Amino acid sequence: MASLEIAAEHERILREIESTDTNCIGPTLRSVYDGQEHGLFMEKLEGRIKNHDREIEKMCNFHFQGFVDSITELLKVRGEAQKLKSQVIDTNRLLQDDGKELVQTLEELKQCRLQQRNIATTIDKLTLCLPVLEMYGKLQEQMRTKRYQHYPALRTLEQLERACLPRVSHYRFCTIMAENIPRLREQIRDVSMSDLKDFLESIRKHSDKIGETAMKQAQLQRNLDSAVSRQQRVGSGRRARKEGGLGTELDGQGCSPLSEQDSGILDVEDEEEEEVPGAQELVDFSPVYRCLHIYTVLGARDTFETYYRKQRRKQARLVLQPHSNMHETLGGYRRYFNQIVGFFVVEDHILHTTRGLVNRAYVDELWDLALSKTIAALRTHSSYCTDPNLVLDLKNLIVLFADTLQGYGFLVNQLFDMLLEIRDQYSEILLKKWNQVFREILDQDNYSPIPVSSEEEYRRIVGQFPFQDPELEKLPFPKKLPFSAFVPKVYSQLKEFIYACLKFSEDLHLSSTEVDDMIHKSTNLLLSRTLSHCLQYAIKKKNVGLTELVQIIINTTHLEQSCHFLEEFISNITNVPPDTVNATKLYATSTFKDARHTAEEEIYTNLNQKIDQFLQLADYDWMAPAGGGKASDYLSDLIAFLCSTFAVFTHLPGKVAQTACMSACKHLSTSLLQLLLEAGVRQVSMGALQQFNEDVKECERFASSGPVPGFQGDTLLLAFIDLRQLLDLFTQWDWSTYLADYGRPNCKYLRVNPHTALALLEKMRDTSRKNNVFAQFRKNERDKQKLIDTVVKQLRGLIQAHQS
């Protein structure tokens, strides 16, 4: 079995040797020598070699006859080849003899062809040179013609240098041409720069017209958008707001536009057309394009860009410098805005039609500069304005200015932020204007209820002011409304003020909530500051009577009640429901309350002053032996005045009338007591006290008569309780009761102060002493004097005990 495997392995190795390249036979043989049977393998190999030798020998025997036949044929061919060679040599000799004449003819043809080629070469050289000369002549002609031909001249020069001269550069005239090319380039560059300078100067002069045209386009677009928006709002029932028109007439006093070749500005007809021409239709930008291309071809594009940007920056600073009197008229602002818009319209067109002459960063830098300077100029000049209509027109012009530039891709948020600042200024100007309006209304008012003689007149007034009184409507004509004429006038002016504030908020891209908040804040300022000051002025000015003060209280009451109608009015025009969360409210209704309180205080003060004037007429005989039996004349007049005055208070709120009446009675009581105890009255007789008692009784009768309804019981009499108890104590001479009950809560003379009683008693004691100097020996007089002295001593002891 092992011998079979070895034999099979040797057979495999032999087949591998037979089929493998000899360079790779080494590993195969190594496997043989690595084994132990290489001797056997050698025998096997020898046998295989012998087999192959026998096969080779058989093959050679098989092909030997063919090899012999081939040798025989080859010997035959050699003889035929010798014959062929002899024939070729003979033929060649005959051909050489016959071709000598042909060679001579061909030599002549060669010379002819050479001459022909030289002529053709000369023609070709002339053909190359003639176009160069013609192009150079054309270049010279273009350089001699008008300046706008220098752009084609540069193209001719470029073609001459790059396409023509290199092909004939070895000629001397080409060298001369090449030497002139730099000088021609310099000349073309100078002329193109001159064209650019003329263009820049023309643009500077006519930027006003360019900007006016652009703003007119923006105005037309905005009017179209507003018309579409209004049509959309018709179905929803919203109130259409009339947009203020903005005049954009051309400035007829400016320089007339030059021709296209001179200035780059195309003439525009002054008549209104259906379509407003665009800025690109007004301006011929070809000088810029030509100059840019010329400098680009000349390899000086950077120089051109630097120069152009530098010059435009200078022009921007000139454009942004406002006139000193710009704030005086709207036309000054319009020209200022037109110039700025014209400048940036040109730059925007240059940005989008040239590649890299200006870039977005450069334009944004200029716009940032313009924005800062424009805002600063507007802040300065608008601060001088005191006319609200001019400020409103200025706002509309700024909005149009911002919308125009926003249409060209410029950021205008800062302009709208500045408009919010101008809005505050506008509010202040409105407040000053309405301050004058309110002053005039209050000064011209007659402070009397409005008489109404017909239903039409009544409806007209009620249409101006929201007033409803079913009881008054039932009364026949003529009748009177409770308030005076300044109430509907003030209410109408409040609505006019709100409309004025609303006009400013239009087109500011504000939400309804922001507009509502702005109007509420401005109206609150109008109520709390302007109207409040006017009312305070009307109340506190000289010669204001009680009737006027009463009417002011009635008027302010009705105005305060109308504030919720103002809230509804603001809500209707701003479309913001009054119950919206965080919505601003009219908190300044306290203005009317404050004015009413001030008027009430003025009434109290005025009444007290009137009472003091009557009391100055008092002329008591403090030494009278007996009373007159009736009230003094001055007091009767005072009571009559008070009755007539309180009769006017019927339309006042009950508490106001009651407070006024109580204040007047208290002041009268206090003043009468001071009159009795004043230092100038040194002596008081019992008769004077009786007369004084009659006057106090008259006051008490007035108090008990109920001059003002609403007092409970004898409440008004309590104003005179101090005087009554003091006078009862002296007229009844009830000192024992006073001294015994003093300090008890139910004391009969609880309101009598010991100091007051002592002071009056001292006056009576001095009177008794003076009248009884010669009757001091009468017993009853002595007893009375002793009694007074005893009471004085007891009062002093009572006061001392109370103080300790």
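Let's start with Phe504: at 0% relative accessibility it counts as buried, where buried means under 20% relative accessible area, exposed means over 50% and partly exposed lies in between, using a 1.4 Å probe and protein chains only. Tyr426 is buried too, at 3%.

A quick word on the source: this is a predicted model, so local features need pLDDT of at least 70 and side-chain atom pairs count only at pLDDT 80 or more, while totals for chains, interfaces and linings use all residues. Residues are numbered from 1 along each chain as its sequence is written, and side-chain values use heavy atoms, with hydrogens and water left out.

Now, the aromatic pairs. Rings of Phe, Tyr and Trp (its six-membered ring) pair if their centres lie within 6.5 Å; planes under 30 degrees apart are stacked, over 60 edge-to-face, and the rest tilted. That rule gives 30 aromatic pairs. Tyr426 and Phe504 are stacked because their ring centres are 4.9 Å apart and their planes meet at 20°. Tyr426 sits in helix 13 (residues 413-444) and Phe504 in helix 16 (residues 486-505), so the pair ties together parts 78 residues apart in sequence. Helices here are DSSP runs of H or I, at least four residues, numbered from the N terminus.

Next, Tyr738 and Tyr749 pair edge-to-face, 6.4 Å centre to centre with 65° between the planes.

Finally, which ring does Arg439 lie over? That's Tyr537, at 4.1 Å from the ring centre; a charge sits over a ring if NZ of Lys or CZ of Arg is within 6 Å of the ring centre and within 35 degrees of the ring normal.

Terms used. Helix = DSSP H or I, 4+ residues; strand = E, 2+ residues; numbered from the N terminus.
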